[in-house]
Amino acid sequence: MLIRNLFNIALASMALILSGCNGGVLDPKGQIGIDEKNLIIIATVLMLLVVIPVIVMTLYFAWKYRDTQNHEIYAPKWAHSNKIEAVVWAVPIVIVVILGVITWQSTQELDPYKPIEGKGEHLTVEVVSLNWKWLFIYPKQGIATVNELVFPANVPVEYKITSESTMNSFFIPQLGSQIYSMAGMETKLHLIANEPGTFKGFSANYSGAGFTGMKFNAIATPTKADFNQWVEQVKTNANSLTHANYVELAKASENNPVAYYGKVDDGLFHTIVMKYMQAHGDMNKKHHSMGKHQQMSNEHQAMGNHSMPSSHSQGEE
């Protein structure tokens, strides 16, 4: 009876907790998110196979062998039981082995850099985290947006991600994995939406005063035709995102409104990724030039010393 009551309480508590998960990782709308939800549930259930019996037995033994219980057998010389030892060691070992196998398989299958197979050609979106807003560049379509991400449902999307400065984390909970954006680096993420809808995206890594405003809507259109129509609509926008006005866009701003750019300079994302590397390259060139100049100076000095007669030779003359 006690175990049944505890089970009912646990079930009711879990139902209450899950009822508040609407729109989060436990309410996935994409295949990657679904696979990750299943992994979370399987791992949690396997761990509860140990945790729940331990909790139940702790409460049961505390009640059974309480100080006022006089009729229970007192066995002060009892010290060992092979059966208990077998259970105590065998059950965790089996669970750890199962978790290890599942973790290995899921690590390979859910690799964020791995393209989603069997779903056709990927749409490429270049993502730049700014302070404190998100820039999305569509290189093939030649457009860009700020704080709004649009893609067709049932089409895999390849995200190429970097940061203007501060490290952030690109995360759409209902679609799946998050991955960091870092300056001077390009990370990748592959996601898909199994159904149309609007999903919340944000930064999952604190990056300063305007961090809470780094939110965007990820909109999955019902069809590719709807997405293409949206692209054509954005292209009618007169704003252009050039290398020059990107500098202005990159300045810090909080709660930035949605913005659209009908044209984007080619190679802008690559320039953003490589700008620190280019500075490093310029520094190397400078050091190389200085080293070469110093070497030439040393050679000239050596030649001058070699051509000057010594005082001993002058005396002999």
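**Notes on a predicted single-chain model**

1. Surface patch. In this predicted model, a nonpolar patch on the surface is formed by Trp78, Ile84, Val88, Trp89, Ile93, Val97 and Val101. Together these residues have about 750 Å² of accessible area. One of them, Val88, lies in helix H3, which covers residues 82-109.

2. Overall make-up. The chain has 317 residues, of which 31% are buried. Its secondary structure consists of seven helices and 13 strands. Among contacts with a separation of 6 or more, 69% are between residues 24 or more positions apart. The chain exposes about 20,100 Å², and carbon and sulfur atoms supply 62% of that area.

3. Confidence. The average pLDDT of the chain is 84, and 79% of the residues score at least 70. Over residues 306-317 the pLDDT stays under 50. For that stretch the model has one contact beyond four places in sequence. Where pLDDT is low, the predicted coordinates should not be read in detail.

4. Ser203. This residue lies in strand S9, residues 197-203. Is Ser203 buried or exposed? Its relative accessible area is 4%, under the 20% limit, so Ser203 counts as buried. The side chain of Ser203 makes a polar contact of 2.9 Å with the side chain of Asn168. The Ser203 side chain also reaches the backbone oxygen of Asn205, at 3.2 Å. Leaving aside residues up to four places away in sequence, Ser203 touches Trp134, Asn168, Ser169, Phe211 and Met214.

5. Ala144. Strand S3, residues 143-146, contains Ala144. Its relative accessible area is 0%, so Ala144 is buried. Which residues does Ala144 touch, not counting residues up to four places away in sequence? They are Leu135, Phe136, Ile137, Val234, Leu241, Ala259, Tyr260, Tyr261 and Val264. The C-alpha atoms of Ala144 and Val125 are separated by 9.3 Å, with the two residues 19 apart along the chain.

6. Backbone details in loops. Asn131 and Trp132 are joined by a cis peptide bond, with omega about -5°. Trp132 sits in the loop between strand S1 (123-130) and strand S2 (133-138). Two asparagines have positive phi values. Asn147, with phi near 60°, is in the loop between S3 and strand S4 (148-152). Asn255, with phi of about 50°, is in the loop between helix H5 (243-249) and strand S12 (259-261). Asn147 is buried at 5% relative accessibility, whereas Asn255 is exposed at 58%.

7. Salt bridge between Glu195 and Lys29. The model has six salt bridges. In one of them, the side chains of Glu195 and Lys29 meet at 3.9 Å, N to O. The pair links distant parts of the chain, 166 residues apart. Glu195 is in the loop between strand S8 (187-191) and S9, and Lys29 is in the loop between helix H1 (2-18) and helix H2 (31-64). Both count as partly exposed, Glu195 at 35% relative accessibility and Lys29 at 21%.

8. Salt bridge between Lys188 and Glu158. The closest N and O atoms of this pair are 4.0 Å apart. Lys188 is partly exposed, with a relative accessible area of 26%. Glu158 is buried, with a relative accessible area of 15%.

9. Salt bridge between Glu164 and Lys275. Here the closest N and O atoms are 2.3 Å apart. The pair links distant parts of the chain: Glu164 is in the loop between S5 and strand S6 (168-171), while Lys275 is in helix H6 (residues 268-307), 111 residues away. Glu164 is buried at 12% relative accessibility, and Lys275 is partly exposed at 28%.

Technical notes:
Residues are numbered from 1 along each chain as its sequence is written. This is a predicted model: local features need pLDDT of at least 70, side-chain atom pairs count only at pLDDT 80 or more; totals for chains, interfaces and linings use all residues. Side-chain values use heavy atoms; hydrogens and water are left out. Helices (H or I, at least four residues) and strands (E, at least two) are DSSP runs, numbered from the N terminus. Buried means under 20% relative accessible area, exposed over 50%, partly exposed in between (1.4 Å probe, protein chains only). Contact means heavy atoms within 4.5 Å. Accessible areas come from the Shrake-Rupley method with a 1.4 Å probe; for residues, only the protein chains shown count as cover. Patches are made of residues with over 30% relative accessible area and no salt bridge: like charges are joined within 9 Å, nonpolar side chains (Val, Leu, Ile, Met, Phe, Trp, Tyr) within 5 Å. pLDDT is the predictor's confidence in each residue, from 0 to 100. A polar contact is a pair of N or O atoms within 3.5 Å; within protein, one must be able to donate a hydrogen and the other to accept it, and residues adjacent in sequence count only if both atoms are side-chain atoms.
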